[in-house]
Amino acid sequence: MPIHLRPHHLICGLCFKSRGFRLSFLENFNKLNKILTENPEKKSIRIVEGLDDICEYCEKRKGNKCEKDPKARLLDVTYLDALELKVGQMISLNEAKAKIRSNLVLAGFQDICKDCPSREEGLCEPNFDALVKENK
Ligand code: SF4
């Protein structure tokens, strides 16, 4: 079964360092990460619009909505475009990483995610930096 990810969660999912979130959210987040890292070449990710498998355990999810909308949707649209992806597309973890490496630089990530508290706290930037430098 594919893992459903909204576009901006390709960045959160690969770069975010877990801290300050409730346990069920982190357990789910780590479980999804483990599935992806165990099969990095398999096209296990389906790009979706709106709530995804990470949102499922998030306290900001209210029914079928995110209380951070429209900001969350704007991030999705921006990353969909920046990473040259399409809703419904199936992609592997390694393909996602390659797209991030070839389409984004640190400045782009800092700009797109500029209003996110996790980025402001420095929870993502070291991992983003490491991801971009991976395989270089
Ligand atoms: S804040 Fe919104 S977009 Fe982010 S994980 Fe929670 S429900 Fe999903």
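The tour goes from a helix to the core, then to the ligand and some loops.

Before selecting anything, note that this is a predicted model, in which local features need pLDDT of at least 70, side-chain atom pairs count only at pLDDT 80 or more, and totals for chains, interfaces and linings use all residues. Residues are numbered from 1 along each chain as its sequence is written.

**Helix α1**

Select residues 8–15, which form helix α1. Helices (H or I, at least four residues) and strands (E, at least two) are DSSP runs, numbered from the N terminus. Of the 8 residues of α1, 7 are buried, so this helix is largely enclosed by the rest of the structure. A residue is buried if 20 or more other C-beta atoms lie within 10 Å of its own, exposed if 12 or fewer, and partly exposed in between, with C-beta atoms placed from the backbone. The buried residues of α1 are H8, H9, L10, I11, C12, G13 and C15. Their cover includes β1 (3–5), α2, α3, α4, α5 (106–112) and α7 (125–133).

Axes are lines fitted to C-alpha atoms, for helices over the stretch in contact, and angles run from 0 to 180 degrees between N-to-C directions. The two helices α1 and α3 are therefore roughly perpendicular (angles of 65 to 115 degrees; under 35 is roughly parallel, over 145 roughly antiparallel, the rest oblique). Now show H8, L10 and I11 in α1, which meet A72, L75, D76 and Y79 in α3. Two residues are in contact if their C-beta atoms, placed from the backbone, lie within 7 Å. The residues of this contact of α1 with α3 divide into 5 nonpolar, 1 polar and 1 charged. Ala, Val, Leu, Ile, Met, Phe, Trp, Tyr, Cys and Pro count as nonpolar, Asp, Glu, Lys and Arg as charged, and the others, Gly among them, as polar.

**The core**

Which residues have the most contacts inside the largest nonpolar core? Select L5, L10, I11, C15, I45, I47 and A96; the core has 26 residues. A nonpolar core is a set of buried Ala, Val, Leu, Ile, Met, Phe, Trp, Tyr and Cys residues joined through C-beta atoms within 7 Å. At least two residues of this core come from each of α1, α2 (23–38), β2 (45–47), α3 and α4 (93–103). The most, 4 residues, come from α1.

**The ligand**

Select the ligand, then I54, C55, C58, K60, R61, C66, K68 and A72, which surround it. A residue is near a molecule if its C-beta atom, placed from the backbone, lies within 6 Å of it. This shell around the ligand divides into 5 nonpolar, no polar and 3 charged residues.

**Loops**

Go to D69 and P70, joined by a cis peptide bond with omega of about 10°. P70 is in the loop between β4 (65–66) and α3.

Next, select E84, in the loop between α3 and β5 (90–91). E84 has a positive phi of about 55° although it is not a glycine. It is exposed, with 10 other C-beta atoms within 10 Å.

Finish at V48, in the loop between β2 and β3 (61–62). Is V48 buried or exposed? V48 is buried, with 20 other C-beta atoms within 10 Å.
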